[in-house]
Amino acid sequence: MCASRTPAEWDETFELFVDMTLGYMALNMGQRYLNRIERLPMHTSIRTGHEYMLELLNQHPDRMFNKIRMYRPCFEMLIQVLRQQTALQNSRYLTLEEQVMIFVYVISQKATNRMAMEDWQHSGSTISVVFTRICKAIASLSQTFIKAPNFDAIPDEIRWNPKYYPYFQNCVGAIDGTHIAAHAPADVANNFRGRKSTVTSNMLAICSFDMLFTYVVTGWEGAVHDSRVLTTQLEDPTSGFPHPPPGKYYLVDSGYSNKPGFLAPFRNVPYHLRDARRRAGGINGPTELFNYRHASLRNCIERCFGVLKARFPILRYMTNFSLIRQREIAMCCCVLHNFIRLHNRGDPLFDRYGVDGVMPPPDSDSDDDAPSSSGTTRGEGANSRNDNNFANDMRDRIMFEMYLNYN
């Protein structure tokens, strides 16, 4: 049992109880008082988001291009397509035009949610909801604007260029992978680290020589080699990969195997355009000539990636989106790339990168000239040796015919 307390101890305990009770009551009353204070409005700019959109639409066209990387006619056509082919409409407080412009602004300026809140004078939740809604809608148009090439036609870029015709007349496009910035959870981040230890995702793409994407797959971990991504897509019957018909082929770099449907350069021979142009002695032998022209023609895929990342810097500086949303963002960028290419032939970025031989900045995590450990893609063994020999013979014939006409 507890020892009996003295009157002085009881008085001290009572005073402590009273002090605690009064303190709690004062805290509670103070909180109620603060809750009654009218909250200060945050988005009080004279210029609303709608007025900002009208300002960009109606003033100097370069202001709009600098902000969302497209001009007004192309933007208005995009709005028309979204109204016709998706369920997007005006919301209660935002027009569809403002919603789309907010989305394109974010991916063109690598803007954070806070930056978009300030520029467009909307709450963070509104910006997030609008971004997600428009992202899903544009990604759903991928099958409309990213289509397989015409395998029956000879591309004009080959037909009318004596460097490439008739040697590459059966070529239908170029394939490569590129690394885009990613934000991955800590428990899986190592799977997304490329050769430079940065967190990236791997995107495989096919493009035509007119700089249009004809196939895109996004979301692969950055640690996965390009050849594995390609092989997996080839083996998956649901991937929608546009397999070339017999006799046709895509151009690939030395990170892939030379096999039917995929024409690779000669390994251990100078290949990249910058390497060939630095050589004082020029072209030395048939294999170097083949590799040089192969690189010059395949350069279209590098230029496509250059335009894509220059237009949408979010692909270099991805913010904290979910992995699923990051895949959709990358696909949206490719859809908009093709849309702008189809509807605005005078686009400044395409004009800058559209010249044959223009070399965009190198991709720091690219798998170019980095063959897999076995030197072949997964699934290639004895059963495919005859096919590979046939592909090597075809490459030799092209090489010798090219060199014969070169001298």
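This is a predicted model: local features need pLDDT of at least 70, side-chain atom pairs count only at pLDDT 80 or more; totals for chains, interfaces and linings use all residues.
**Figure 1. Met211, at 2% relative accessibility, counts as buried.** Here buried means under 20% relative accessible area, exposed means over 50%, and partly exposed is what lies in between (1.4 Å probe, protein chains only). Residues are numbered from 1 along each chain as its sequence is written, and side-chain values use heavy atoms, with hydrogens and water left out. Met211 sits in the loop between β2 and β3, and its phi is positive, near 65 degrees, even though Met211 is not a glycine.

**Figure 2. Strand β3 and its partner β2, seen together.** Strand β2 (residues 200–207) and β3 run antiparallel and are joined by 6 bridges; two strands count as paired if DSSP finds at least two bridges between them. Strands (E, at least two residues) and helices (H or I, at least four) are DSSP runs numbered from the N terminus. Leu204 has Val217 in β3 as its bridge partner. Of the 9 residues of β3 (residues 213–221), 7 are buried, so the rest of the structure largely encloses this strand.

Figure 3. The 5 strands make an open sheet with mixed pairing, in the order β3-β2-β1-β4-β5. Its edge strands, β3 and β5 (262–263), each pair on one side only. Helix α13 packs on this sheet and touches β1, β2 and β3, with its direction at about 165 degrees to that of β3. Angles run from 0 to 180 degrees between N-to-C directions, and axes are lines fitted to C-alpha atoms, for helices over the stretch in contact. Helix α10 (residues 226–235) is laid across β1 (171–181), β2, β3 and β5, and runs at about 115 degrees to β3. Zooming out, the protein has 15 helices and 5 strands, and buried residues make up 48% of its 407 residues.

**Figure 4. Helices α5 and α13 where they cross.** The axes of α5 (residues 96–109) and α13 (residues 323–343) come within 12 Å and cross at roughly 100 degrees. On the α5 side of the meeting are Phe103, Val104 and Ile107, while α13 brings Ile329, Cys332, Cys333 and Leu336.

**Figure 5. Phe168 and the nonpolar cores.** The largest nonpolar core has 92 residues, and Phe103, Trp120, Phe168 and Phe213 have the most contacts inside it. Helix α13 gives the most to this core, with 10 residues. A second, separate core of 17 residues includes Trp220, Val224, Tyr250 and Tyr256. A core is a set of buried Ala, Val, Leu, Ile, Met, Phe, Trp, Tyr and Cys residues joined through side-chain atoms within 4.5 Å. Setting aside residues up to four places away in sequence, Phe168 touches Ile158, Tyr249, Leu251, Leu263, Phe290, Arg293, His294, Leu297 and Met402; contact means heavy atoms within 4.5 Å.

Figure 6. Lys136 lies in helix α7 (residues 124–139) and is partly exposed, with a relative accessible area of 45%. Beyond its neighbours within four places in sequence, Lys136 is in contact with Arg325 and Glu328. The C-alpha atoms of Lys136 and Ile329 are 8.6 Å apart, although 193 residues separate the two along the chain. For the protein overall, residues 24 or more positions apart account for 70% of the contacts with a separation of 6 or more.

Figure 7. Most residues other than glycine have a negative phi, and most peptide bonds are trans. Gln121 has a positive phi of about 55 degrees without being a glycine. Gln121 is in the loop between α6 (113–120) and α7 and counts as buried, at 13% relative accessibility. Tyr165 and Pro166 are joined by a cis peptide bond, with omega about 10 degrees. Look for Pro166 in the loop between α9 (156–159) and β1.
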